[in-house]
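Please read the report below with the sequence and the model side by side.

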Amino acid sequence: MERPRPRRGADGCEEPEGPAVTTPSALDVLRALLRCPSVTPAEGGALDVLQGWLEPAGFAVHRVVFSDANTPDVDNLYARIGTGAPHLVFAGHTDVVPPGDAASWTHQPFAGEVADGMVWGRGACDMKGGVAAAVAAALAHVAERGAAMRGSISFLITGDEEGPAVNGTAKLLDWARERGERFDACVLGEPTNPSRMGEMIKIGRRGSLTGEISVEGRQGHVAYPHLADNPIPRLMRALDALKAEPLDAGTAHFDPSNLEVVTVDTGNPSANVIPAECRARFNVRFNDTWTPATLSDEIRRRVAAAGVGAHRLSFAPCNALAFLTEPGAFTRAVAEAVEAETGVAPALSTTGGTSDARFIVRDCPVVEFGLVGQTMHAVDERVSVDDVAALQRIYGRVIAGFLSP
Ligand SMILES: N[C@@H](CCC[C@H](NC(=O)CCC(=O)O)C(=O)O)C(=O)O
Ligand SMILES: [Zn+2]
Ligand SMILES: [Zn+2]
């Protein structure tokens, strides 16, 4: 369902029709975004802010709300300027994780304050900063080229990345495809740099599979263990078997796959009762030597070989497969833009968590590059004001290079 929105200024307030807005800096856009409390799945005014900048500059802006069973409705934004190729799309999310205890923050999490050379607020690095830099770079490019602009620039912005990722980028891409939109390359501005700008570009991500194993025993009195059957040692054997051998040795672009046990639980409140059941949950971050099906088969095989007796093994639906954008002209172009601005040749990496790039890669090559992610999801999330400006310049170079003849 698409719904029209009023014209809004950078602060999200309704604006009268008037002369074209001036080109904002990435910092202007970022501060306006940070003032929007867009904790997933709330839009919080963040997409209105983007619309308020993009529409007056000539972008055709669409707001699309997606729904699904058992998940909240989510507002998404698609904006495009130009009708021809090449078509460069910037993707990202304006939703953020909750701030936690606001009283623990040095500056309020939704105030967008600038202090000590940093801009502070929830989402500053993950990833309102990346979105703001892309919007500012695109607006500057459009203003500079005017009618002579070649190709198209688009924005695919969701409010459902930190949440279940059901009513966000994946559906927005389906919607765009149905409208005949075709993308040639995508830049996603997640915070990819571990400690300083220029260190790392992401050209892929590992997949993520979550499973649960439950081993059955027989409940009884701890003082009469011969009358019971404790499932805990058998579950431990199963978990040992899962970790005993590496899943693989990694590949040219991926680290070895890794399984981590994240919970072990009996739900037993008593110290003198042997529990009837013991459960564990695990998550595997897997490389492109596996699919969810081959990986779950291997896990079943390992558990069966451990001889743990009666058990149940199940896997959550998996929408995060490993993917890779092969290094080539586009990854090189982004790396060169990064190096030109930062003086650092970025590593091409597939480390870290999952991202929405996994959906976009079905349509076009995707490269992720954004700010320094050291404080993402943390109290006092912040980014350097200089880094935000540098990111705008890097994106400006990418746009100019990609859209030039
Ligand atoms: N929408 C996700 C939610 C979990 C995604 C999460 N990704 C990150 O933390 C990214 C961090 C990074 O950039 O490395 C994860 O990997 O669990 C979902 O669909 O589940
Ligand atoms: Zn993010
Ligand atoms: Zn995040």
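## A helix with a buried face

In helix α5, the buried residues are L235, A238 and L242. Viewed down the axis of α5, these buried residues fall within an arc of 55°, so they line one face of the helix. This is a predicted model, and the values in this report are computed from it.

Which residues sit on the face of α5 turned away from its buried side? That face carries the exposed residues P233, D240 and A244. On the buried side, the cover includes the strands β10 (207-216), β12 (258-265), β14 (277-286) and β15 (311-315), together with helix α6 (292-305).

Helix α9 (residues 385-403) can be treated in the same way. This helix has 19 residues and reaches 27 Å from its first C-alpha to its last, close to the 27 Å expected at 1.5 Å a residue. The buried residues of α9 include D387, Q392 and G396, and also V388, L391, I394 and Y395. Toward the end of the list come V398, I399, F402 and L403.

## Nonpolar cores

How many residues does the largest nonpolar core have? It has 79 residues, and those with the most contacts inside it are L33, V135, V187 and V334. Helix α3 (residues 124-145) supplies the largest share of this core, 13 residues. Apart from this core lies another, of 18 residues, among them I213, L242, V284 and F286. L242 is also one of the buried residues of α5.

Not counting residues up to four places away in sequence, L33 touches A46, V49, T94, G123, K128, V131 and A132.

Is A165 buried or exposed? A165 counts as buried because it has 23 C-beta neighbours inside 10 Å, and the cut-off for buried is 20 or more. The backbone of A165 has a positive phi, near 60°, in a residue other than glycine.

D380 also has a positive phi, about 65°, although it is not a glycine. D380 is found in the loop between β18 (366-368) and β19 (382-384). With 16 C-beta neighbours inside 10 Å, D380 counts as partly exposed.

## Cis peptide bonds

Most residues other than glycine have a negative phi, and most peptide bonds are trans. Two cis bonds can be described here. A cis peptide bond joins T40 and P41, with omega about 5°, and P41 is found in the loop between α1 (26-34) and α2 (46-54). The peptide bond from A85 to P86 is cis too, with omega near -5°. P86 has its place in the loop between β2 (71-81) and β3 (87-93).

G204 lies in strand β9 (residues 204-205), R382 is found in strand β19, and G92 is found in strand β3. The table gives a C-alpha distance for each of them.

| Pair | Separation along the chain | C-alpha distance |
|---|---|---|
| G204 and F254 | 50 residues | 8.6 Å |
| R382 and F359 | 23 residues | 28 Å |
| G92 and L239 | 147 residues | 37 Å |

G204 counts as buried because it has 24 C-beta neighbours inside 10 Å. Leaving aside its neighbours within four places in sequence, G204 is in contact with H253, A322, F323, L324, T325 and T350.

R382 has 26 C-beta neighbours inside 10 Å and therefore counts as buried. Not counting residues up to four places away in sequence, R382 touches M118, V119, W120, A124 and T375.

G92 has 30 C-beta neighbours inside 10 Å, so G92 counts as buried. Which residues does G92 contact, leaving aside its neighbours within four places in sequence? They are M127, G130, V131, A134, I157, L188 and G189. Of these, V131 is also among the residues that L33 touches.

Definitions and conventions:
Residues are numbered from 1 along each chain as its sequence is written. Chains are lettered from A and ligands numbered from 1 in the order in which they are written. This is a predicted model: local features need pLDDT of at least 70, side-chain atom pairs count only at pLDDT 80 or more; totals for chains, interfaces and linings use all residues. A nonpolar core is a set of buried Ala, Val, Leu, Ile, Met, Phe, Trp, Tyr and Cys residues joined through C-beta atoms within 7 Å. A residue is buried if 20 or more other C-beta atoms lie within 10 Å of its own, exposed if 12 or fewer, and partly exposed in between; C-beta atoms are placed from the backbone. Helices (H or I, at least four residues) and strands (E, at least two) are DSSP runs, numbered from the N terminus. Two residues are in contact if their C-beta atoms, placed from the backbone, lie within 7 Å. The arc is that of the directions from the helix axis to the C-beta atoms. The expected span of a helix is 1.5 Å times one less than its number of residues.
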